[in-house]
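Open the model in your viewer and keep the selection tool at hand. This tour goes stop by stop.

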Amino acid sequence: MEAMLEVLMPPAMGSGTIWLLVLAAGCTSAVTAALGIGGGVLLLAIMALVMPPAAIIPVHGVVQLGSNANRALMTIRHINLPVIAWFAPGVIVGAAIGSLLLVELPLALVQLCIAVFILLLCWGPPIPKVATGRIGTLLASTLTTFLSLFVGATGPLVAAFVKQQQNGERFSTVATFAAAMSLQHAPKALVYGAAGFVFRDWLGLMLLMIASGAVGTWAGLRLLQRVSDKRFALIFNVLLTLLALRLAWTAIHGWL
């Protein structure tokens with residue numbers, strides 16, 4: 001067993017760091033399942049502390065793909081399928097454009113724009129129905145998928161958009177968001193694999209983190225059943241606001 005772990009685990013990472021990441025994957029998945037948002041960004045922050053910079057976004061993308069797919073399967077009857085049907089083509093277009101460019105975007109500016117949009121979606125006036133309709137969903141999917149290849153922080157923006165579409169109903173918000181993010185994370189493996197990232201070196205860690213995430217998701221959904229839609233909407237908005245403020249602070253700090 002020990003020998004197999006050595007083969008599957010990434011080189012130059014201690015066992016303590018590996019199990020920390022596995023535990024973090026489970027806990028952050030539970031947070032997202034119970035509260036609707038926050039786990040992915042929290043996991044990204046933890047990974048940034050202990051992993052090589054070049055591996056953070058691709059590995060995080062695969063782990064989040066597994067975590068969101070598990071959550072979508074566990075809540076499949078609550079998924080708003082028409083929304084996902086219009087979200088999927090935008091993922092393909094956004095990933096295609098991003099794979100052609102793969103350039104360094106002005107990170108601070110992108111982070112600040114995402115933060116502003118999140119705050120507007122949470123606390124501003126309801127956006128027009130046309131913006132959350134078919135074309136709006138397609139455009140939002142294209143833009144956020146494109147940005148997700150360079151900035152691991154578009155999940156809160158997608159979550160705020162989905163929440164407005166679902167009128168704050170907690171299970172359809174969590175389920176539809178999970179399905180949307182499953183689609184959005186899927187192209188990352190293809191794009192970064194084509195760009196030369198060796199996923200094989202990280203396979204064991206990714207599988208353990210996905211398995212841990214499935215357990216965390218199951219526990220988080222049990223907690224979600226005990227929360228009313230009204231309380232869920234409040235917690236959801238507060239968490240999104242905190243994430244947006246963190247993004248804004250990171251962007252401003254990067255400029256200083």
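**Stop one: H8 and H11**

Select helix H8, residues 155-165, together with H11: their axes come within 10 Å and cross at roughly 150 degrees. Over 145 degrees counts as roughly antiparallel, so H8 runs roughly antiparallel to H11. The crossing of these two helices, H8 and H11, is left-handed. Keep in mind that this is a predicted model.

Now show the side chains. On the H8 side, pick Pro156, Ala159, Ala160 and Lys163. They meet Ala233, Phe236, Asn237, Leu240 and Leu243 of H11. By type, the residues of this contact between H8 and H11 are seven nonpolar, one polar and one charged.

**Stop two: the salt bridge**

Which residue forms a salt bridge with Asp229? Select Arg170: its closest N and O atoms with Asp229 are 2.8 Å apart. Arg170 lies in helix H9, residues 170-194, and Asp229 in helix H11, residues 229-255, so the pair ties together parts that are 59 residues apart in sequence. The count of salt bridges comes to one.

Colour the two partners by accessibility. Is Arg170 buried or exposed? Arg170 is buried, with a relative accessible area of 15%. Asp229 is partly exposed, at 29%.

**Stop three: Leu65**

Move to helix H4, residues 53-74, and select Leu65. Leu65 has 27% relative accessibility, so Leu65 counts as partly exposed. Leu65 and Ala179 are 114 residues apart in sequence, yet 9.5 Å apart in space, C-alpha to C-alpha.

What does Leu65 touch, leaving aside residues up to four places away in sequence? Select Ser182, His185 and Ala186 to see these contacts of Leu65.

**Stop four: H4 and H10**

Two packed helices are described by the angle between their axes and the distance between the axes. H4 passes H10 in a right-handed crossing.

Show the side chains here too. From H4, select Val59, Val62, Val63, Gly66, Ser67, Asn70, Arg71 and Met74. Facing them in contact from H10 are Met206, Met209, Ile210, Ala214, Thr217, Trp218 and Leu221. The residues of the contact of H4 with H10 divide into 10 nonpolar, four polar and one charged.

Conventions. Residues numbered from 1 in each chain as written. Predicted model: local features only at pLDDT ≥ 70, side-chain atom pairs only at ≥ 80, totals over all residues. Heavy atoms only, no water. Salt bridge = Lys/Arg side-chain N within 4 Å of Asp/Glu carboxyl O. Helix = DSSP H or I, 4+ residues; strand = E, 2+ residues; numbered from the N terminus. Buried < 20%, exposed > 50% of the residue type's maximum accessible area, 1.4 Å probe, protein only. Axes fitted to C-alpha atoms, helices over the stretch in contact; angles between N-to-C directions. Parallel < 35°, antiparallel > 145°, perpendicular 65-115°, else oblique. Left-handed = near helix turned anticlockwise from the far one by under 90°. Contact = heavy atoms within 4.5 Å. Nonpolar A, V, L, I, M, F, W, Y, C, P; charged D, E, K, R; others polar.
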